[in-house]
6 protein chains.
Amino acid sequence: MVNPNMTEAMTHDMAVIARAVAGSAADIIALTAPRGFPYIASRAEAQVAGGIALEMIAENLKGVDAVIMAAFGDPGLRGARELFDIPVIGMAEAAMMSACMLGERFSIVTFSPVMRRWYLDCVADSGLMARCTGVRTPLGHPLQIDGLRENLKDDLASLARQAVEEDGADVVIMGGAPLAGLAPELAELVPAIVLDPIAAATAQAMALARITTRPGFALRACKPLAKPSVGLGPALSTIIAREQGA
Amino acid sequence: MVNPNMTEAMTHDMAVIARAVAGSAADIIALTAPRGFPYIASRAEAQVAGGIALEMIAENLKGVDAVIMAAFGDPGLRGARELFDIPVIGMAEAAMMSACMLGERFSIVTFSPVMRRWYLDCVADSGLMARCTGVRTPLGHPLQIDGLRENLKDDLASLARQAVEEDGADVVIMGGAPLAGLAPELAELVPAIVLDPIAAATAQAMALARITTRPGFALRACKPLAKPSVGLGPALSTIIAREQGA
Amino acid sequence: MVNPNMTEAMTHDMAVIARAVAGSAADIIALTAPRGFPYIASRAEAQVAGGIALEMIAENLKGVDAVIMAAFGDPGLRGARELFDIPVIGMAEAAMMSACMLGERFSIVTFSPVMRRWYLDCVADSGLMARCTGVRTPLGHPLQIDGLRENLKDDLASLARQAVEEDGADVVIMGGAPLAGLAPELAELVPAIVLDPIAAATAQAMALARITTRPGFALRACKPLAKPSVGLGPALSTIIAREQGA
Amino acid sequence: MVNPNMTEAMTHDMAVIARAVAGSAADIIALTAPRGFPYIASRAEAQVAGGIALEMIAENLKGVDAVIMAAFGDPGLRGARELFDIPVIGMAEAAMMSACMLGERFSIVTFSPVMRRWYLDCVADSGLMARCTGVRTPLGHPLQIDGLRENLKDDLASLARQAVEEDGADVVIMGGAPLAGLAPELAELVPAIVLDPIAAATAQAMALARITTRPGFALRACKPLAKPSVGLGPALSTIIAREQGA
Amino acid sequence: MVNPNMTEAMTHDMAVIARAVAGSAADIIALTAPRGFPYIASRAEAQVAGGIALEMIAENLKGVDAVIMAAFGDPGLRGARELFDIPVIGMAEAAMMSACMLGERFSIVTFSPVMRRWYLDCVADSGLMARCTGVRTPLGHPLQIDGLRENLKDDLASLARQAVEEDGADVVIMGGAPLAGLAPELAELVPAIVLDPIAAATAQAMALARITTRPGFALRACKPLAKPSVGLGPALSTIIAREQGA
Amino acid sequence: MVNPNMTEAMTHDMAVIARAVAGSAADIIALTAPRGFPYIASRAEAQVAGGIALEMIAENLKGVDAVIMAAFGDPGLRGARELFDIPVIGMAEAAMMSACMLGERFSIVTFSPVMRRWYLDCVADSGLMARCTGVRTPLGHPLQIDGLRENLKDDLASLARQAVEEDGADVVIMGGAPLAGLAPELAELVPAIVLDPIAAATAQAMALARITTRPGFALRACKPLAKPSVGLGPALSTIIAREQGA
């Protein structure tokens with residue numbers, strides 16, 4: 001589980017949820033970005049943090065069966081999926097695909113209007129725009145990220161109900177790493193299935209690891225050709241060069 | 001696992017795969033349709049068999065955590081999903097959504113051109129048409145369904161390679177219940193990830209049961225209103241009427 | 001004219017309109033479902049009732065030039081169209097296609113929010129989503145279906161005006177069998193062309209019967225292959241088996 | 001029936017078909033463009049001829065219940081539909097909408113690759129691209145338009161069969177005014193429903209006139225505001241100005 | 001610069017802006033329609049005026065490097081682009097394409113709800129619907145076109161802010177020839193990039209003339225075949241006939 | 001002009017073309033990536049190189065009016081566009097948008113099948129998929145990038161002709177930095193307008209700088225909020241933090 005944000009507390013909260021989902025069936029190794037931003041909230045930040053995430057994955061591949069990109073918005077997802085020979089799961093994509101197997105239409109509810117653009121881009125990239133009823137958020141950006149889950153709980157429950165009653169969502173995704181763990185608390189308050197993206201990503205990582213094989217990945221025609229590089233970390237550089245040991 | 005086809009051998013083959021995926025983590029109850037068709041291959045047949053599948057699910061809900069609709073094409077899926085308060089997984093949809101978490105574009109390879117129309121309708125219904133490179137099939141309908149997996153193996157491997165090399169698929173889904181179990185045999189022969197739909201559906205059923213709760217389903221605003229009926233089996237009739245015990 | 005609902009009064013009202021449209025140019029045989037539901041309002045109900053409709057058509061094909069599926073939502077339409085060698089017209093589809101030959105964009109106005117999901121699925125299935133401005137309904141489900149047309153007339157006129165003035169609809173479809181006959185009453189109250197779906201379906205059935213030939217249907221490559229079945233009514237079973245006399 | 005092309009023989013052939021469809025139920029008034037081009041085959045020509053068609057309609061409205069724009073490609077259709085208070089039917093649109101009520105997917109077969117661009121634009125304008133399997137044509141432009149129907153009959157039958165067998169079309173539209181009347185001759189040669197656009201347009205004009213009323217058109221919010229003009233024919237100018245008698 | 005409207009003052013205002021953009025790098029020849037309408041506001045008017053615009057271009061081709069169709073809505077654009085061997089730029093299309101190179105999503109703000117239908121058709125024709133957040137207009141049609149820019153300035157600024165704040169537009173296009181020149185005045189009042197379509201069209205005409213060559217246009221396979229005509233102006237008729245001197 | 005590839009010769013060739021387009025109207029500052037890859041050809045490489053490009057732009061903003069992202073595929077484009085208060089032009093996007101102002105449909109022709117995935121993603125991201133006829137490439141990856149333009153000239157001309165004759169393209173884009181400068185050489189060999197992406201990007205940069213103002217960019221609501229960062233270059237870090245001097 002790779003958190004491309006630098007906030008350790010966020011990683012901790014997500015790891016708790018992921019471990020609860022995995023139970024004894026899988027070990028969760030939780031990593032926090034050593035460089036980048038406290039919390040990614042734009043395309044520019046995702047561009048940089050996605051590159052950092054590729055480095056983090058490359059350095060920690062040993063013994064790993066699947067990677068969870070633990071930031072809603074899935075920075076670096078497409079590149080990681082090309083490069084590494086194991087399933088790479090994005091939190092946003094896993095939540096959206098799960099939602100589409102549970103109901104006809106889903107909504108994303110998140111904590112700030114600032115995230116809307118990026119999240120809608122994710123929906124569009126997934127190809128599921130026709131099954132998404134929109135992104136609902138409070139009107140303004142919250143003053144602080146800490147304590148968000150408690151402070152905004154009522155507002156977010158209300159937004160989720162609007163997503164169901166006005167927009168016709170059958171499933172509501174509580175998007176954004178700072179909301180990890182909120183979904184179960186809203187289950188009784190919202191007349192729809194409420195999904196936690198990190199739980200969805202964990203369950204999907206286990207599901208996809210189960211139905212694929214390592215050699216199947218290795219033979220893929222869509223892998224990038226071997227290539228030299230300058231200035232990348234040694235682990236990522238080795239993998240991109242397809243050198244021995246990669 | 002509800003097979004809306006009447007062919008017991010098909011149910012048996014799919015149950016073997018499902019149990020291999022589930023391991024000790026889940027019990028698989030495998031049901032074969034008591035009425036309908038030996039093998040569904042059209043919209044008309046799916047209309048009838050989908051109704052039979054609703055009856056089968058209604059009669060066997062007790063103690064069940066999730067339902068797998070075990071026919072590629074997912075007859076009755078949307079209706080079942082509205083009606084029952086547990087995850088209902090379609091083989092086609094589960095394979096497509098899984099494919100979209102493993103690569104950019106997927107192809108469906110199946111054993112007969114007769115299936116193409118119905119399978120493409122499934123892709124369109126899922127909203128994933130933009131991520132599908134098409135359905136590849138042999139030119140003619142096979143003379144017999146028995147032994148299909150062995151007789152057509154080389155042809156299907158060749159179609160799968162074309163899907164990768166000519167159409168740009170990253171993931172190939174071996175669609176159609178008679179091909180259950182073929183995917184692992186093709187893994188070395190096709191430069192892409194090859195998915196078995198019944199394995200995908202089993203893994204997804206387990207994943208979605210893990211991240212949802214029964215009360216969350218019960219409160220859904222999108223459930224049909226209670227309604228009387230005539231001529232349905234008692235179990236389905238009771239559920240549709242929302243009578244006690246349903 | 002096959003009403004897949006069990007409510008005779010509904011069949012009667014629709015038959016009156018259909019006969020007024022047909023005049024002396026066609027005879028209308030009006031059938032009411034012997035099994036199923038008083039009024040279909042969900043995908044689950046449509047799955048079952050669509051199968052019943054296939055039985056009803058199969059049993060009454062003799063001397064018939066075209067079939068009208070007389071429930072907005074068109075349960076069983078795709079299957080019926082594959083199977084039978086005459087035009088099969090859906091009320092919803094006929095209204096939408098007619099609307100698109102009369103104006104740029106159409107709206108559907110109906111009597112209950114419960115219908116919205118199913119009707120939007122119909123629009124999506126038709127491929128005409130880009131020409132639809134949406135489905136407008138009262139906020140709550142009506143207490144009773146009887147007398148709906150009179151009780152809701154003012155509300156529905158107001159919704160139709162909103163569809164024109166706020167959503168930009170050029171044509172308004174009064175969707176749902178209980179509203180049959182309301183369209184002409186609204187013509188003076190709404191600044192748009194107002195369509196009655198059963199009138200549209202009748203006119204389309206006559207139009208399509210006129211421009212197609214029975215042999216043209218019989219040769220279609222897209223017909224399902226002959227197939228045995230168990231538990232279906234004898235007429236439908238015979239047709240699906242392509243036995244003599246079918 | 002307004003032929004925006006100047007070729008009288010084409011008008012004659014189409015009128016014969018239209019009258020056969022209409023029988024005694026409607027009179028067909030057939031008009032040929034007094035200015036413009038012998039046969040429209042490009043967007044530039046359609047721009048000019050569409051304006052001429054508006055003049056022709058304005059000059060011949062008296063006693064008319066519906067207008068058929070008798071050129072595949074429907075030049076001037078959208079403008080005419082806004083302006084005149086009766087149904088205006090395009091040959092291409094009527095054929096496509098009819099096709100979508102007869103099967104899942106349709107193909108257009110025509111006599112020259114030169115028409116492909118314009119016809120595909122028509123499909124896109126209608127919103128039905130997802131239900132169209134493409135436009136099939138001979139490789140080169142025919143040396144002469146006269147006698148096209150006889151000379152190309154075998155080639156066009158072969159293209160229609162390809163549209164069914166390779167592209168999956170259920171309905172084939174024989175597009176282009178010079179092919180009027182060919183569809184019935186191909187019915188036995190093509191495993192699909194084959195549509196004649198002028199027959200479809202005639203049947204649709206009768207259907208739509210039957211289910212709409214003149215006052216309903218007059219009240220439409222989408223009609224252009226009254227406007228002065230310079231250099232237009234007096235009939236069109238009067239209608240655009242909404243002067244008395246218009 | 002071809003204004004297909006007859007209002008000289010509009011041409012004058014647009015020419016001032018175009019010349020300011022062009023500076024010394026290009027000469028602007030500004031033409032006003034000799035026939036047609038004072039201001040085009042419907043598809044019917046665009047059909048006629050687009051034909052007039054083709055005549056105007058044909059008569060004034062000599063020494064011209066690119067054509068600007070100076071009416072938002074781009075009447076006759078597709079036809080002109082087929083026919084003439086130089087770049088033909090539409091005001092609406094140039095503004096939309098420019099907007100998409102400056103931000104993710106754009107909005108169109110204009111002076112009357114009457115224009116919405118036509119402008120949305122332009123967006124759809126361009127293929128950019130997914131990047132457009134909609135068309136915002138005042139509720140009613142303005143009493144007079146003169147002085148619009150001053151009278152509506154505050155209202156339009158407010159609509160532009162709504163387009164940004166409620167709809168998520170990054171770029172706002174001030175659509176409609178009567179608003180030419182307003183964009184710079186709104187730059188400080190709207191938290192987005194505000195585009196003037198005539199400025200965009202002028203800059204695009206210069207850009208496209210710079211990266212294309214006259215022979216490249218002449219060889220295009222997509223040019224209409226040579227064709228005789230009746231009743232067109234001599235210049236247009238000569239070009240369509242591909243006669244010497246054309 | 002920022003080349004996110006490390007190959008100086010490529011930068012040199014592109015700068016020659018850019019300067020020829022700009023003439024005396026603009027100065028071109030050409031930068032080559034100091035880190036990264038010799039030639040970007042995958043999503044993974046674009047993820048890393050896009051981040052490097054953001055650093056390059058941040059370090060060289062002074063006195064610059066517009067940025068050209070000089071790699072077909074536009075790595076980092078969306079992030080750069082959010083972040084910097086001047087137009088940021090992508091080579092692929094500029095070529096596609098220019099193509100759509102010159103003809104109805106465009107094709108991309110490039111030198112290796114390896115690029116197809118990434119280029120199609122670019123088309124999808126732009127929203128112009130419906131106007132793209134596809135990406136045509138040789139069957140295999142070239143043995144060496146040097147001399148590509150000469151070695152492949154005949155093959156690429158042939159692919160471009162196929163794009164016109166078989167796929168219906170009106171404009172052909174010669175995609176990929178190693179093909180810079182080839183378009184003019186193909187102008188006589190291909191019956192379509194052939195575009196050079198670096199020429200298109202240069203012309204678009206000049207056009208967009210001309211019609212926008214620096215303050216208009218500064219006020220944009222869509223700019224990311226100020227944010228601290230760790231491990232980025234000082235210039236980029238300062239801009240992201242919105243510190244003085246940024």
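Figure 1. Chain C and chain F do not touch, their nearest C-alpha atoms being 14 Å apart, where two residues are taken to be in contact if their C-beta atoms, placed from the backbone, lie within 7 Å. Chain A and chain D are likewise joined by no contact, and the closest C-alpha atoms of this pair lie 14 Å apart. The model is a predicted one, in which local features need pLDDT of at least 70 and side-chain atom pairs count only at pLDDT 80 or more, whereas totals for chains, interfaces and linings use all residues. Residues are numbered from 1 along each chain as its sequence is written, while chains are lettered from A and ligands numbered from 1 in the order in which they are written. For the complex the predictor gives an ipTM of 0.96 and a pTM of 0.95. Chain A has a mean pLDDT of 95, with 99% of its residues at 70 or more; pLDDT is the predictor's confidence in each residue, on a scale from 0 to 100.

Figure 2. The same surface serves both copies, since 100% of the contact residues of chain F recur in chain E. In this interface 46 residues of chain F are in contact with 46 residues of chain E. On the side of chain F that touches chain E, at least two residues each come from α4 (91–100), α7 (153–165), β8 (193–195), α9 (197–210) and α10 (214–218) of chain F; helices (H or I, at least four residues) and strands (E, at least two) are DSSP runs, numbered from the N terminus. The largest share of that side, eight residues, is supplied by α9(F). By residue class, the side of chain F that touches chain E divides into 30 nonpolar, seven polar and nine charged residues, with Ala, Val, Leu, Ile, Met, Phe, Trp, Tyr, Cys and Pro counted as nonpolar, Asp, Glu, Lys and Arg as charged, and the others, Gly among them, as polar.

Figure 3. Helix α1 (residues 8–22) of chain A has 15 residues and reaches 20 Å from its first C-alpha to its last, close to the 21 Å expected at 1.5 Å a residue, the expected span being 1.5 Å times one less than the number of residues. The buried residues of α1(A) are A:Met10, A:Thr11, A:Met14, A:Ala15, A:Ile17, A:Ala18 and A:Val21; a residue is buried if 20 or more other C-beta atoms lie within 10 Å of its own, exposed if 12 or fewer, and partly exposed in between, with C-beta atoms placed from the backbone. Seen down the axis of α1(A), these buried residues fall within an arc of 170 degrees, so they line one face of the helix, the arc being that of the directions from the helix axis to the C-beta atoms. They pack against β1 (2–3), β2 (31–32) and α9 of chain A, together with α9 (197–211) of chain B. The face of α1(A) turned away from its buried side carries the exposed residues A:Glu8 and A:Ala9. A:Gly23, which follows α1(A), has a positive phi near 55 degrees. Of the 15 residues of α9(A), 14 are buried, so this helix is largely enclosed by the rest of the structure.

Figure 4. B:Arg242, in the segment after α11 (234–241) of chain B, has a positive phi of about 55 degrees although it is not a glycine. With 12 C-beta neighbours inside 10 Å, B:Arg242 counts as exposed. C:Asp74, in the loop between β3 (67–69) and α3 (77–83) of chain C, has a positive phi near 60 degrees, and this residue is buried, with 30 other C-beta atoms within 10 Å.

**Figure 5. The surroundings of E:Pro224.** E:Pro224 lies in the loop between α10 (214–218) and α11 (234–240) of chain E and is buried, with 21 other C-beta atoms within 10 Å. Leaving aside neighbours within four places in sequence, E:Pro224 is in contact with D:Ala41, D:Ser42, D:Ala44, D:Glu45, E:Glu82 and E:Leu83.
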